[in-house]
Amino acid sequence: MSGILDGKTVLITGIITDASIAFSTASVAQEQGAKVIITGIPERLRLIDRIAKRLPKEVPPAIPLDVTDEESLGTLADKVRELAPEGVDGVVHSIAFAPKTLMGPDAVPFLDGPGPDVAKSFEISAWSYASLARAALPVMNEGGSIVGMDFDPRTALPDYNWMGVSKAALESVNRYVAREVGYAKKIRSNLVAAGPIKTLAAKAISGTATDDAKKLNMLNTYWDGASPIGWDVNDPTVVGKSVCTLLSDWLPGTTGSIVYVDGGASHNTWFPENFLSE
């Protein structure tokens with residue numbers, strides 16, 4: 001049985017645990033016929049390669065990539081060519097970071113966010129989408145697809161703070177990237193705004209203390225209730241499948257867009273079942 005990514009080669013960033021959305025995307029991509037190449041933060045390559053062994057199929061050792069370092073970005077295309085002389089058809093950006101001062105239970109008040117920390121959050125979480133697109137463009141095949149990971153920033157969420165601002169910036173960056181790569185090689189660029197998934201990023205928001213874990217559980221309960229079709233925080237495959245659909249040829253006219261994969265919760269106001277009862 002053929003898959004929607006048969007014959008395609010996909011470059012995936014952001015694998016750090018087997019619970020990550022990037023890992024789920026890589027797994028689904030392989031199941032759908034893609035050849036997968038991964039990258040990793042240089043200081044964590046051994047860990048990432050160990051995690052990658054849990055994928056359905058073997059992948060080459062992770063390419064070291066620091067999306068904030070021009071030298072690292074400048075060598076990406078050559079390193080990809082070594083593993084995929086045929087070029088790549090898709091790129092997945094699953095990278096975000098904010099210092100503890102800006103996000104989570106230990107963050108300073110929003111108005112007190114230090115400028116240098118905000119700049120670092122923007123650089124890694126938003127600017128890097130453009131820097132990755134620029135670095136990968138020479139080895140991307142015409143008509144390919146770039147997909148980034150978003151978390152709906154239209155409302156101000158407790159503890160999310162400046163990461164929410166960075167995600168709002170990412171949405172704007174995506175539109176400009178779509179314009180640039182579309183005119184250059186007819187490449188599409190889109191974001192997937194996923195609902196909450198139990199990943200390292202989610203733990204960074206909620207913290208590890210009991211009271212902070214309760215906050216995440218409350219968010220999860222709300223999300224499941226607000227979703228007309230339900231939401232499972234333990235199932236990143238739902239998001240991975242959606243990312244792979246964008247990487248495929250099945251959405252050929254979609255670019256510069258945001259695809260919401262959150263069970264519909266972000267578009268639905270939810271109240272407890274007995275809210276209107278007497």
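**Helix H3 and the annotated positions**

Helices here are DSSP runs of H or I with at least four residues, strands are runs of E with at least two, and both are numbered from the N terminus. This is a predicted model, in which local features need pLDDT of at least 70 and side-chain atom pairs count only at pLDDT 80 or more, while totals for chains, interfaces and linings use all residues. Residues are numbered from 1 along each chain as its sequence is written, and side-chain values use heavy atoms, with hydrogens and water left out.

H3 has a kink of about 35°, centred on leucine 76, where the bend is the angle between axes fitted to the seven residues ending at a residue and the seven starting there. Ser72, Leu73, Leu76, Ala77 and Val80 of this helix are buried, that is, under 20% relative accessible area with a 1.4 Å probe and protein chains only. Among the elements covering these buried residues are strand S1 (9–12), strand S4 (88–93) and helix H4 (115–136).

Alanine 98 lies in the loop between S4 and H4, and it counts as buried because its relative accessibility is 9%. Leaving aside neighbours within four places in sequence, alanine 98 is in contact with Met103, Ser121 and Met163, contact meaning heavy atoms within 4.5 Å.

Definitions and conventions
Buried < 20%, exposed > 50% of the residue type's maximum accessible area, 1.4 Å probe, protein only.
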